[in-house]
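Open the model in your viewer and keep the selection panel at hand. The stops below say what to select and what is there.

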Amino acid sequence: MPTLTPAFTTTDALKRARWRNSAWIRLLRHRMAVIGFVFCLAALLMAVFADALATHHPERTRIRDAFQAPSPAHVLGADHLGRDIWSRVVYGSRISIGIGVATVVLTGVIGAAFGLISGYFRQLDDPLMRVMDALMAFPGVMLAVAITAALGPSAVNVVIALTAVYVPRTARITRASVLVVREMDYVQAARALGAGHTRMILRHILPNSLGPLVVQLTFVFAYAVLSEAALSFLGMGPPPPTPTWGNIISDGRDYLREAPWICLYPGLAISVTVLGLNLLGDGLRDVLDPRMKVTQG
Amino acid sequence: MGRYLAGRLISTLIVLIIVSFISFCIMQMVPGDPALVMAGAAAPVDEVRRIREQFGLDQPFHIQLLRWYAGMLQGDLGQSITLGRSVVTAIVERLPSTVALACFAFLLTLVFGLIAGVAAALKQDSWIDHAIMTLAVIGVSVPSFWIGLIMIIGFAVMVDWLPAGGYITIAESPSGWFKSLVLPSIALALLQMGLLARITRASMIEVLRQDFVRTAQAKGLPRWVVVLKHAFMNVMIPVITVIGIVFSLLLSGSVVIETVFSIPGLGRLMATSIVTRDYPVIQGALLITAAMFVLINLLVDVLYAYFDPRIHYD
Amino acid sequence: MQPTRILAGAVIVTSLIAAGPAAAQKKGGDITALLYAGLNSVDPHFTGTYPARSMILPMYESLMTVDENGGTIPLLAERADISADGLTYTFPLRKGVKFHNGKEMTSADVKASMERYAKISPGRAAMDPVASFEAPEKYTFVIKLKVPSASFLDRLASPTSPATIIPEEEAAKEVNKTGNISTGPFQFVEWIPDSHFRIKRFDGFVKRDVPGEKMTGYGGPKTVHINTVTFRVVTEASARIAALEAGQAHLVEDVPGPAAERLKSNPKIKLYDMPTFQMPVLYLNHSLAPTSDLKLRQAIQAAIDLEEAIGAAAAGAPYVVQHAWVYKGHPMYSDAGKALYNINNINKAKQLLRESSYKGEELQLNVGNLGFMTRFAVIVQQAMKGAGINVKVNTMDLGTLFSVSGKDEGWHLTTSGFGSQPFLGPYMYQQITTGPANLARRKGDATMEAAWARFDGTRDMAIKQAAWNDITQRLYDEVYFVKLGDLGMKYAAVSNLAGFRAYPGSLRFWDAWLD
């Protein structure tokens, strides 16, 4: 009888320990994902219920109140024109979240479409992917900034610019899943049974490629919020007096030392929202495909 | 290998052609008359007609496109509207500071990102791992320009070690040059460090799980040898793949960071050009950065080919 | 000669060094000054902006210039002799004045410089009345006019686009190809665009040697004690202040109010107050509907709370809420126009709006990307919205802003600041109202033109005053511009910078030293 038993026992013990560990990770990750979800929800609720949450009209100026430090009258202080920072941050969430949602929807639809077509129709794959590669060659912020400079600063144009930046990345992810799903048995079976292209794509391939797409879109949301802030900071976002987190920081940068609250709170708002999205994305990735390599942030 | 390279070269060329086309389209996207908009930014004497002629804006689309490609091949990307020099000159003048900034930031990213990622992977699930990953995800979530502003106040004023902005050329003072790049490099690298740490950790964990690593460990080799020899080299592959993305993110970040820290580089050139609607510079800067990215990726692929034996047999 | 204008209070520096000129001036030292904007060209005849003047005027001099209060004084000329018919201006030149390259300045150089100026300078319209420039003798320069012009000499002296004198050989060169050679107390070292601009003391400088003359404006005897001045452009105000506090710079301009408050208690730093630096204004487009409708313009004029607006523009800087187009203390200051200033009555505005032909069209408010402009634009937009007027704010850089405002379309309101006009005096307003600059895009105004003709055609102060009152009243009646108030500026410098005096024209580094 071969004396392999001790070795197997050790391996078993190792395996069990690993399992406990990975379940533990799952739980922790899960907890992080929950935290992330909470942050995201908070931002979303802030955007939706802005009218109820704000204490002042975000555009109301009052020079007498200029540079007031946080106090009962102005919870987070006032800016250089006496406008309430809390109210501006609250309404600013509408722009940031709104632009984020619009970008995600457009990017998702267009990116997935390109990815599906590219992955499914061999002949179109190469040319489409070359175009995607070309778009991805431009540093994101630079391309977004150039497009908004050409079209003019406005919320709509920011969405267009950001969509142009993130569609290629999304298309690639979708295409990768399509390439895998396409070879699967049930898909082959459906084709053998004579299913047409549209039916194939929409009923069989798309639903099974959704996982990575959803994860990617969560990260796109995060990048979109960060990019919109940068664009607003540079003056390429929605024009004044609309408050956006980026332009509140931009307004406050002359008074950083003396009135730090102007820059501090919108920056925190951005960080918390994006953090929430990233954590949520991480959690989703674990759930939808724990083995998937981290190929994007 | 040779066939692989040839294939990559052809793809690169095609991508470059498309890249220049997209850059060209920027000016075409301007609603209304771009000549009017640009004449607004010209020197006091307004010259809408002159600008229209200079850029051939009254010509049909395909003629303009041909002029653009022809100019590009001759190394001529047009004249800046506001800077009184050619676009190429304007960009080349500003490259040194951006390159210096990007290199510093890249070094920081590599060093801290890799070390953090590897450490986190090796000590998976320990408090070190969680701490590092928490820092990494925060680094990826915080807007770089905001951190930059905070750093100016913290380090330049409170502590007085480092300059609050501005750029000193290396010719003027090497120590001044170095000091003026410390804060902006850190602000710029934060996002990339976090990203690299996360990616490295994931790749490392993936590799550590694999059979050959466990075999090596079972054979009794000390852990560090295993890590160094087997795991690390395999981790470098996805990491190298990410280099292109890191480079792209560094350039993206430079637009805001150079603005915040008053560094006269390519990023700030972009930021000021969009305000002055200097479209030739915008287009030129886009083209050059994208071209650099494509070429770096080509280089990366060649390196990749050396690391991954599978390619050799294609 | 022109009467000196005393603008008491216009340029009084509230923190002069107590030590006074008797203290020992130390030679040496290198100064770093941080500006909020840079320049794109160092051509001596192509400058027009405030930061450009700070960097360029230390190197260049002109025939005539302005004194501490904006009055006209001779600089390179010994004096200006005007013929009885007002058509010939003779300038005996100072002898032995050296250019930076060692060459002596003669009338040939002056003639060549003036001709180049009349060709390419942004301010060349001032030379329109000129029939010819002549250099009959080595040290005599003559300008012959086509028609007499009472304010010609003032325009010649204006530092906004200065008529600087360069060597004949340099004047032959194209725009931006000259070598930065002139007669000023500083000479050019280097300009690295986007990095720094450096000048150093010109040891061969020949200063004005008229007994009794003191440092005043850009004229008078100028003595340079420091070795070099390096200008850097730092657009972030926080970074400028931080650099000053950290000892990386000696002088910083445009200090925001809250920062100034904080710096007051810092013994290493001294603050300089310029109570009047410019008048923030809005131009209205008289050529484009709906602002071509007087009632709408009057509605706008009535809607704005000007105190709120200038308070916003100031952000802590000193300001005065007053209606006149000259500063208080100017001999021509009067009550004309006061009744229509700061009406601040929303109901009146709404009523005027109803009487107008306004149908809800969107007005384009073009705003420059300077802090004070973006700040007051918010107040203006809000006020107009409150009255029921639809306004869209377009922010753009200054070059674009001014070029667009020079056309009849593309804007209804433009933000700006009048710096040289109130400083140099009423004559400066002619160019921008009925002259070529025509900021309000007004196509003819007989009343205004007649008033200017009266103002320009005489040296009698009483007639001039009456004409100026009419002009001021007309500006208000027709709502050419909406004036917010008088705005000052603060500088901050290291406390061991002695002798420095703030000046609305630009920064001056002669007669200053580091203790």
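Predicted model: local features only at pLDDT ≥ 70, side-chain atom pairs only at ≥ 80, totals over all residues.

**A helix pair in chain A**

Residues are numbered from 1 along each chain as its sequence is written, with chains lettered from A and ligands numbered from 1 in the order in which they are written.

H3(A) covers residues 85-120 and H8(A) residues 197-233; their axes come within 8 Å and cross at roughly 140° (lines fitted to C-alpha atoms over the stretch in contact, with angles from 0 to 180 degrees between N-to-C directions). Next, show the contact residues (C-beta atoms, placed from the backbone, within 7 Å). Among them are A:Gly100, A:Thr103 and A:Tyr120 of H3(A), and A:Leu213, A:Phe221 and A:Glu228 of H8(A).

Now select the whole of chain A. It has 10 helices and zero strands (DSSP runs numbered from the N terminus: H or I of at least four residues for helices, E of at least two for strands). Of contacts between residues at least 6 apart in sequence, 72% join residues at least 24 apart.

Last, select both chains. Here 46 residues of chain B are in contact with 44 residues of chain A. Elements giving two or more residues to the chain B side include helix H1 (2-28) and helix H12 (279-307) of chain B.

Note on methods
Contact = placed C-beta atoms within 7 Å.
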